[in-house]
Amino acid sequence: RETAEESIFQDVLEMLTSTSNAIEQICKDSCGLADLDTCLVLMAECFRCLRNACVECAKNQHVMRNLGLISTSVHLIKLLHGIQIKEELLLTALRCSLQFLGNIAAGNGDSQNSIWKCAFPELFLTCLTYSDEKIVTYCCMVLFTCLNSERVRELLDPGNLAVALHVLRVYKEQLDSEWSFLIVTEHLLKCPELVKALYAKLSNQERVTLLELMMAKVSDKNPVTSEEVNVFVRHADFLAGCFQEKCGAVLKLTAAADVEDEVWLITIYILE
């Protein structure tokens, strides 16, 4: 890893580029599925090589980025997403490509910037809603690695808010997803305006999930900064307003016809 020459990564880039061209041709002709399988196997091996070469090696990360491997990878992910088959070879290639993006971004601000420019928001919207749990998990890993306070504010844009909504839904559906938990607690909850915008778009069950994550953050044993205290005071102001607006819903618990209405459940969570 440490002694790898740039020419090695140049060779891998050429393999990925030729493989990409071959896949586009196969899809255009709607034939040659056996050739497609060969392309997918080669692509997965290329991404495994790149993924492993990035680990704790800033030199390789910089070389790969400068060669254009990030933009090539994002293009390939979009290309693979467009293929209608969902066979294991395609899923493996997608998983390895996302792992590569996660590894090239780890601890490397320049790579994070490149991924954000190439991939946000389209790639995240695509992969966060994918039917494969590993692809969703690796996408969350890439997103968490690339996020910072400035980029979190970009999620406030109406066209980008769906990324934050999908992250919350991933956590709700896959409760063991550490990356989606960290995205919400370490990034999204630090922006009161985003929390307010999210809350307005969520179903009642999803609001319960958001409130549970807020409680998890508040009850965290780690010391909090004065800035974090100020953020949660703003959260509290917003939730106090929600409580005043909806507190009458608790009375509906006595009416059998309204048992299905979850507004009362939200009110109880807000009070807690």
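The structure holds 7 aromatic pairs, where rings of Phe, Tyr and Trp (its six-membered ring) pair if their centres lie within 6.5 Å, and where planes under 30 degrees apart count as stacked, over 60 as edge-to-face and the rest as tilted. A pair of aromatic rings is described by the distance of the centres and the angle of the planes. Two of these pairs are set out here.

| Pair | Centre to centre | Between the planes | Type |
|---|---|---|---|
| Trp116 and Phe124 | 5.9 Å | 40° | tilted |
| Tyr199 and Phe238 | 5.3 Å | 90° | edge-to-face |

This is a predicted model, in which local features need pLDDT of at least 70 and side-chain atom pairs count only at pLDDT 80 or more, whereas totals for chains, interfaces and linings use all residues. Residues are numbered from 1 along each chain as its sequence is written, and side-chain values use heavy atoms, with hydrogens and water left out.

Trp116 counts as buried because its relative accessibility is 7% (buried means under 20% relative accessible area, exposed over 50%, partly exposed in between, with a 1.4 Å probe and protein chains only), and Phe124 is buried at 0%. Ring pairs link Trp116 and Phe124, together with Phe120, into a cluster.

Tyr199, at 6% relative accessibility, counts as buried.

Helix H14 (residues 226–246) also holds Val233, which is partly exposed at 43% relative accessibility.

Definitions and conventions: Helix = DSSP H or I, 4+ residues; strand = E, 2+ residues; numbered from the N terminus.
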